[in-house]
Amino acid sequence: MSILRINGCRELDGVIRIQGAKNSVLPIMAASILAEGTSVIHNCPRLADVDVSMRILEHLGCEVHRNEESVYINSAGLIRSDIPDALMREMRSSVVFLGAILARTGETRLSLPGGCELGPRPIDLHIAALRQLGAEINEVGGKITCKAKHLKGCRINLATPSVGATENAMLTACRCKGTTIITNPAREPEIEDLQNYLRKLGINISGAGTSLITVEGSDAKKDVEHTIISDRIVAATYLSAVASAGGLIRLEEANPRHLMTVIDVLREIGCNIEINDMDKGVITASRKGKLRAARPIITSPYPGFPTDAQPPIMAAVLKAEGTTVFVENIFENRYRHVEELKRLGADIKTEGKTAIVCGVNHLSGAELRSTDLRGGAALVVAALGAEGTSEISGLHHIDRGYDCLESALQCLGADVKLVT
Ligand code: UD1
């Protein structure tokens, strides 16, 4: 078992390049099934979830390999349409293979993605959308069997703008006869990235990023190259880290346009954040004096404040003067990091969707256990601002979303060591 040992309260100073987005690369790897040829995907972060996607694609009969930051997928030889339970359980986002495999082969068999880390994560909207497109779906004992003789485009209205359901509907719609219109889709930047990839395949799709997506079904397929967008949640984590520890850092290859709600909060609490080059994604962030509390931080679908940035930003305001209120509207159980943060001396009360953080004067290092991916990132952010040594376990959660977190923090001058 490895732990991350952090000696906190050292100002950060350095430059970091932001990795490609996990939430973009995973659906695009699933979508590569539709290329029926070679997809070269650049800016692929080295993450446990990307490895699982590679294993799923290999299982399906695709050729897959990685060269540095590029992943090569040749899906021409796909021969299977099922995903074994063990692979499905490793990663929740495996569910996006549902729409991709169905579109390619007209059938699929897989099981419900495992775990329950943020509370219930149903897939009823995914299933309803695929049924509307003509799939017959049976769900028995956690197994999902999907068959479709004729996939036919239609109008799908999502009751909630679910990211995964939007992606599954988009992918299946690519091979439907006729036009599919998705209303109330998720508008996250990662949805736009998926649309850009699908367009490269020759699919006529538009509207991603707005409240109506239109997909013209076709047989379009091609060899393509695509570069994954920058990870806005990873960028938000490093910005939270400098807010917590103090100092001055420079992010490169971030996308400030995708980060504005987070940047607004960090500016409000007293960080100095400058966007030096919007197109190259250069952001300078510093924190010198004491932080102050923020107005209520209320998570909502994009372009609102991202639920994934709630834990690291909470970690950043633990020592801010005053009280910061969080309202978590997306997931029911997304305050699991709170009990761990309290071990450092944080003053946080939770009730239902609300968490109230009263700023304390100092935090002291403690033994902490990551509860989930972004909760784990929050512990790292908090430990960087705590006096003394913290030891963080449960790093497998963090590895799902952060490419070489330890060395990145070392580049920023943090006293961080991976101990095996
Ligand atoms: C994606 C992101 C995750 C992020 C989340 C919300 C990926 C790989 N993961 O997860 O990092 O935290 O968006 O921004 O992109 N819901 C239903 N029924 C469904 C589907 C969802 O009720 O069939 C509900 C969920 O319980 C949740 C809300 O919709 O309350 C949003 O979930 P969704 O957008 O689907 O999240 P994911 O796609 O799982």
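## A pocket and a helix pair

Strand 2 is the top contributor to the lining of the second largest pocket, giving three residues. This is a predicted model, in which local features need pLDDT of at least 70, side-chain atom pairs count only at pLDDT 80 or more, and totals for chains, interfaces and linings use all residues. Residues are numbered from 1 along each chain as its sequence is written, and side-chain values use heavy atoms, with hydrogens and water left out.

**The second largest pocket**
- The volume of this pocket is about 230 Å³.
- Of its 15 lining residues, R17, Q19, E69, D403 and C404 are the closest to the centre. Lining means an atom within 4 Å of a point on a 1 Å grid, and a pocket is an open set of points where a 1.4 Å probe fits, with protein on both sides within 12 Å along at least five of seven lines.
- Strand 2 (12–17), helix 8 and helix 14 (405–411) each give two or more residues to the lining; helices are DSSP runs (H or I) of at least four residues, strands (E) of at least two.
- Domain 1 (3–19 + 230–419) and domain 2 (22–227) each supply at least three lining residues, with bounds from an automatic or database domain assignment.
- By class, the lining has eight nonpolar, one polar and six charged residues.

**Helix 8 with helix 9**
- Helix 8 (residues 232–245) packs on helix 9 (residues 260–268) at about 5°, with axes 11 Å apart.
- The two helices are therefore roughly parallel (angles under 35 degrees).
- A236, L239, S240 and A243 in helix 8 meet V262, I263 and L266 in helix 9 (heavy atoms within 4.5 Å).
- That contact has six nonpolar, one polar and no charged residues.

Notes: Axes fitted to C-alpha atoms, helices over the stretch in contact; angles between N-to-C directions. Parallel < 35°, antiparallel > 145°, perpendicular 65-115°, else oblique. Nonpolar A, V, L, I, M, F, W, Y, C, P; charged D, E, K, R; others polar. Points joined across faces, edges and corners; volume = space filled by probe spheres on them.
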